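Here's a walk through the pockets, cores and overall build of this one. Have the model open as you read.

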Amino acid sequence: MKRIISLFSMLVLYNIANATNYYFAVSGNDSNAVNDLNHPYKTLTKLNKILLAAGDTVFFKCNDVFRGQITVTAKGTSSNPIVFTSYGTGNKPVISGAEIVSGWTKVDSMYERMLTQKMNNFFINDKEQIPARYPNIGRYLTYDSSSKNYLKDASLTSIPVSYINGSQVCLHSAQWCWEKSSIAAYNNNEKITFGTAVRLPGLFNYGYFMYDNIALLDTANEFKFDSVSMKLTYQPPVGVVPDSVIAEAAVYNTGFAIQGTASYIVIKNIQIEKQTNIGIYLAGAGNQHIRVEQCVVGHQYNYGILDKGKYNEISNCLFKEVDGIALMVSGGGSSCTIHHNSFHNIGPFRNSGVGTEINGSAILLGFSDSNYIHHNDIDSTGYCGISADGTNNLVEKNTIKNVMLLNNDGAAIKSFGAGSYNNIFQNNFVTTSDGNTEGCYKPDFSTPAIYFDFNVNNTIIRNNTVYGRTQKGIFQNAGDSNNTIEGNV
């Protein structure tokens with residue numbers, strides 16, 4: 001037995017001894033013959049060519065911004081994970097999905113710049129700008145009738161055809177949902193045909209607007225990118241010159257793409273921002289025992305973190321200004337622990353993000369099982385705070401406020417469907433989340449704080465506190481059964 005233990009110890013020591021530290025800084029050089037603290041590499045392109053192994057650590061220098069995508073396929077072990085972290089002092093290093101845009105040309109009151117990469121989001125001094133739209137923010141057209149494939153609106157005959165052709169459309173198809181599609185055809189007979197069918201046929205007299213068309217670019221902070229000509233056009237506020245500020249176009253799909261059977265990975269003390277799709281993507285069931293901790297995840301167009309793996313942990317992170325869903329576990333993902341995170345301003349725009357009825361949530365379990373969600377602070381979301389669909393999930397000791405800022409039918413805490421059972425929701429605090437009826441015609445639903453919808457069963461809801469609201473506290477919808485509701489205030 002002593003011999004076996006000795007051999008095992010030798011193997012562990014061998015792995016540790018052969019672990020490598022890699023250093024990256026914007027002042028570095030990818031051609032360095034030696035890589036160490038004083039001779040760092042420079043780019044993510046170089047990093048993606050390195051064959052990482054168990055025990056390796058990749059250090060990014062604080063205060064630096066690294067632009068591009070990191071792809072991880074290597075495996076660590078429980079005792080020797082592969083670690084991505086920071087070194088030095090100052091702000092967290094940034095993995096950015098955006099490139100700087102400079103060298104603008106002024107045309108009348110607007111500015112133009114040709115790009116070499118396709119983009120989908122635009123930022124000035126870290127503030128997301130607005131795709132050109134009509135009517136402008138706070139106003140809507142209303143449709144007379146709609147299906148999943150078209151809408152009809154008699155008032156369209158009074159609007160220039162140039163506003164319609166080539167635009168995208170964003171419509172309030174239900175109280176809980178803003179959906180978006182391209183406009184495939186306009187027949188001059190008050191009918192817009194969608195390029196892609198929406199999920200829900202829209203309700204009479206609900207709101208919609210058109211966007212992403214150069215003809216609609218008429219307001220400060222709006223932009224339009226033409227993916228054919230590759231031209232970006234921007235309307236700055238009066239007196240602002242884009243070359244005098246930090247202008248960035250989101251062009252890279254993912255920050256960290258964890259793929260294959262990559263497992264036992266740690267991402268710590270890094271900021272991931274401005275990706276066109278996902279900040280951190282755990283692509284499948286083989287991605288296990290991934291830890292994301294003390295990170296900032298923000299300004300992603302669709303997802304902050306999308307987890308399709310198992311036994312992963314996200315903790316002590318800040319999620320901010322994610323257009324779609326801040327953190328989603330779905331696609332077979334399960335047994336994830338999500339704790340001590342803060343979520344601020346998630347899903348702030350109706351026509352950004354994933355554009356379906358799940359858009360704008362802080363934490364979403366997409367029929368995922370055996371997850372533990374606790375001690376998270378959620379403040380300001382377009383849709384739900386925590387949506388937990390699936391089985392054997394525990395949701396406890398979370399604080400949720402100012403949610404449902406864009407929609408009316410949802411909740412701070414929500415569970416849906418007959419496939420949602422044996423879950424526990426306990427000791428959560430919910431306040432100020434009454435819902436938003438903007439763009440609705442005769443809304444008929446009062447948004448609850450805690451909502452169980454459409455055959456949720458065998459679930460426990462206990463010792464939760466709801467306060468500072470004017471509408472429903474806890475609501476069970478039709479078909480819910482065998483649920484225990486006790487000890488709530």
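## The second largest pocket

Strand 21 is the top contributor to the lining of the second largest pocket, giving three residues. Strands here are DSSP runs of E with at least two residues, helices are runs of H or I with at least four, and both are numbered from the N terminus. This is a predicted model, so local features need pLDDT of at least 70 and side-chain atom pairs count only at pLDDT 80 or more, while totals for chains, interfaces and linings use all residues. Residues are numbered from 1 along each chain as its sequence is written, and side-chain values use heavy atoms, with hydrogens and water left out.

The second largest pocket holds about 330 Å³ of space. Its lining counts 17 residues, with Asn120, Gln168, Tyr211, Asp212 and Tyr301 nearest the centre. Two elements give two or more residues to that lining: strand 18 (177–186) and strand 21 (222–226). By class, the lining of this second largest pocket splits into six nonpolar, seven polar and four charged residues. (Nonpolar covers Ala, Val, Leu, Ile, Met, Phe, Trp, Tyr, Cys and Pro; charged covers Asp, Glu, Lys and Arg; the others, Gly among them, are polar.)

The search runs on a 1 Å grid over the protein atoms alone: a pocket is an open set of points with protein on both sides within 12 Å along at least five of seven lines, a cavity is a set where a 1.4 Å probe fits but cannot get out, and lining residues have an atom within 4 Å of a point. Points are joined across faces, edges and corners, and a volume is the space filled by probe spheres set on them.

The largest pocket comes to about 400 Å³. It has 19 lining residues, and Glu357, Ile358, Asp389, Lys414 and Phe416 lie nearest its centre. Strand 36 (363–365), strand 42 (413–416) and strand 45 (450–453) are the elements giving two or more residues to this lining. The class count for the largest pocket is ten nonpolar, three polar and six charged.

The largest cavity contains about 80 Å³, and of its 14 lining residues Trp178, Asn359, Gly360, Leu406 and Asn407 sit nearest the centre.

## Trp176

Where is Trp176 found? Trp176 belongs to the loop between strand 17 (168–174) and strand 18. Trp176 is partly exposed because its relative accessible area is 29% (buried is under 20%, exposed over 50%, partly exposed in between, with a 1.4 Å probe and protein chains only). Not counting residues up to four places away in sequence, Trp176 touches Leu200, Glu357, Tyr383, Asn407 and Asp409; contact means heavy atoms within 4.5 Å.

## Nonpolar cores

A nonpolar core is a set of buried Ala, Val, Leu, Ile, Met, Phe, Trp, Tyr and Cys residues joined through side-chain atoms within 4.5 Å. The largest has 63 residues, of which Phe60, Phe84, Phe256, Ile267 and Phe319 touch the most other members. Strand 33 (residues 325–329) provides the largest share of this core, three residues. Apart from it lies another core of 20 residues, including Leu141, Tyr186, Tyr206 and Leu216.

## Overall build

The protein chain has three helices and 49 strands. Buried residues account for 52% of its 489 residues.
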